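Subject: Handover of a structure and notes on its features

Dear colleague,

Please find below the structure that I am handing over to you. I would be grateful if you would look through it before reading the notes that come after.

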Amino acid sequence: MDKPNCPICFSNSLEIKYHGNIRNGKYPNVVEDRRVIKCSECSIEFLSDYKMDYDSPGYRELVDSDHTADAYYAIHDKDQYAKLSFIDLSKLRE
Ligand SMILES: [Zn+2]
């Protein structure tokens, strides 16, 4: 493993908090032999040696098994009903 620096404060005062497999998107996807690193200076914890483009179709496929808008809506629309109570519905008429 290359010795990383903290992505926030760039300190090299780091410790390994976890070493092993981590879930990667939707179960049962995993990546093996990963490390969670903690910065002793700013306390952030981050994955070492893991790059993911969260806007990519590949990420959506890992999380939802499909990257199309229709698939996203099918999975997440039902989660929106509870949030409607927080919206002033009169604003939607304007
Ligand atoms: Zn730091």
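The notes below go from the whole chain to the sheet, and then to single residues.

The model is a predicted one, in which local features need pLDDT of at least 70 and side-chain atom pairs count only at pLDDT 80 or more, while totals for chains, interfaces and linings use all residues. Residues are numbered from 1 along each chain as its sequence is written.

Overall form

The secondary structure consists of two helices and three strands; these are DSSP runs numbered from the N terminus, with helices being H or I of at least four residues and strands E of at least two. Read from the N terminus, the order of elements is β-β-β-α-α. The radius of gyration is 19 Å, well over the 12 Å that the globule rule gives for 94 residues, so the protein is more spread out than a compact globule. Here the radius is taken over C-alpha atoms, and the globule rule is 2.2 Å times the number of residues to the power 0.38. Along the principal axes, the C-alpha atoms fill a box of roughly 55 × 30 × 20 Å.

Of the 94 residues, 3% are buried. A residue is called buried if 20 or more other C-beta atoms lie within 10 Å of its own, exposed if 12 or fewer do, and partly exposed in between, with C-beta atoms placed from the backbone. Among contacts between residues at least 6 apart in sequence, 45% join residues at least 24 apart. A contact requires that the C-beta atoms of two residues, placed from the backbone, lie within 7 Å.

Domains

The protein is divided into domain 1 (1-49) and domain 2 (52-84), with bounds that come from an automatic or database domain assignment. The centres of the two domains, taken over C-alpha atoms, are 25 Å apart. Four residues of domain 1 are in contact with four residues of domain 2. On the side of domain 1 that touches domain 2, the residues comprise no nonpolar, three polar and one charged. In this scheme Ala, Val, Leu, Ile, Met, Phe, Trp, Tyr, Cys and Pro count as nonpolar, Asp, Glu, Lys and Arg as charged, and the others, Gly among them, as polar.

The sheet

The three strands form an open sheet in the order β1-β2-β3, with antiparallel pairing; two strands pair if DSSP finds at least two bridges between them. β1 (14-23) and β3 (45-47) stand at the edges with a single partner strand each, so one side of each has no neighbour in the sheet. From one strand to the next, the twist averages 25 degrees, the axes being lines fitted to C-alpha atoms (for helices over the stretch in contact) and angles running from 0 to 180 degrees between N-to-C directions.

β1 and β2 are joined by eight bridges. Among the bridge partners are His19 with Arg35 of β2, and Ile16 with Ile37 of β2. β1 is hardly covered, with one buried residue among its ten. The hairpin of β1 and β2 has six residues between the strands, and Gly25 there takes a positive phi near 80 degrees. Pro28 is found in the loop between these strands, and a cis peptide bond, with omega about 10 degrees, joins Tyr27 and Pro28.

β2 (residues 30-39) pairs with β3 over three bridges. Ile37 has Phe46 of β3 as a bridge partner, and Lys38 has Glu45 of β3. The hairpin of β2 and β3 has five residues between the strands, with Ser43 at a positive phi near 70 degrees.

Individual residues

Ile44 lies in the loop between β2 and β3. Ile44 has 14 C-beta neighbours inside 10 Å and therefore counts as partly exposed. Not counting residues up to four places away in sequence, Ile44 touches Cys6, Ile8 and Cys39. Leu89 is 45 residues from Ile44 in sequence and 39 Å away in space, C-alpha to C-alpha.

Two further residues other than glycine have a positive phi: Phe10, near 65 degrees, and Asp33, about 55 degrees. Phe10 is in the segment before β1, whereas Asp33 lies in strand β2. Phe10 counts as exposed because it has 11 C-beta neighbours inside 10 Å, and Asp33 counts as exposed because it has 10.

Yours sincerely
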